[in-house]
Amino acid sequence: MFQKVISHKGFWKSVFSLNLAFAVLFVLFKWAISGFDMDFFSEVNILKFLAGVLIAGFIYGFFVTFGKFRAKLKSKNKVK
């Protein structure tokens with residue numbers, strides 16, 4: 001089932017779009033918590049911060065998309 005899900009058309013596109021959405025929203029929320037201060041970007045090691053956010057976003061996107069596509073495939077198999 002795992003192989004079917006990750007090879008389904010649109011799976012990886014959905015993972016990466018959720019990854020990007022998560023990363024953008026997370027950075028905006030963190031920046032808002034700091035009061036939209038531009039020093040926020042100079043106080044953190046930006047490469048480590050962005051790498052961490054993108055890795056976390058990928059994990060989030062993968063699990064959410066996997067669950068969505070798995071449920072879709074399961075319901076499609078029950079209908080037949």
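Residues are numbered from 1 along each chain as its sequence is written, and side-chain values use heavy atoms, with hydrogens and water left out. Because the model is predicted, local features need pLDDT of at least 70 and side-chain atom pairs count only at pLDDT 80 or more, whereas totals for chains, interfaces and linings use all residues.

From its first C-alpha to its last, α2 reaches 33 Å, close to the 33 Å expected at 1.5 Å a residue; the expected span is 1.5 Å times one less than the number of residues. The buried residues of α2 are F11, S14, V15, N19, A23 and V27, where buried means under 20% relative accessible area, exposed over 50%, and partly exposed in between (1.4 Å probe, protein chains only). After α2 comes G35, with a positive phi near 85 degrees. F36, in the loop between α2 and α3 (39-43), also has a positive phi, near 55 degrees, although F36 is not a glycine. Most residues other than glycine have a negative phi.

The largest nonpolar core consists of eight residues, namely V5, I6, F11, V15, F62, F66, F69 and L73. A nonpolar core is here a set of buried Ala, Val, Leu, Ile, Met, Phe, Trp, Tyr and Cys residues joined through side-chain atoms within 4.5 Å. At least two residues of this core are supplied by each of α1 (2-6), α2 and α4, and α4 gives the most, with four residues. A second, separate core has five residues, among them A23, V27, F40 and F49. In soluble globular proteins, nonpolar side chains tend to be buried together.

Contacts were taken as heavy atoms within 4.5 Å. Not counting residues up to four places away in sequence, V5 touches F11, F66, F69, R70 and L73. T65, in helix α4, is buried because its relative accessible area is 0%. Leaving aside neighbours within four places in sequence, T65 is in contact with F11, S14, V15 and L18. S14 lies in helix α2 and counts as buried because its relative accessibility is 12%. With the same exclusion of neighbours within four places in sequence, the contacts of S14 are T65, K68 and F69.

F16, in helix α2, counts as partly exposed because its relative accessibility is 46%.

A51 lies in helix α4 and is partly exposed, with a relative accessible area of 36%. Between A51 and K68 the separation is 17 residues in sequence and 25 Å in space, C-alpha to C-alpha.
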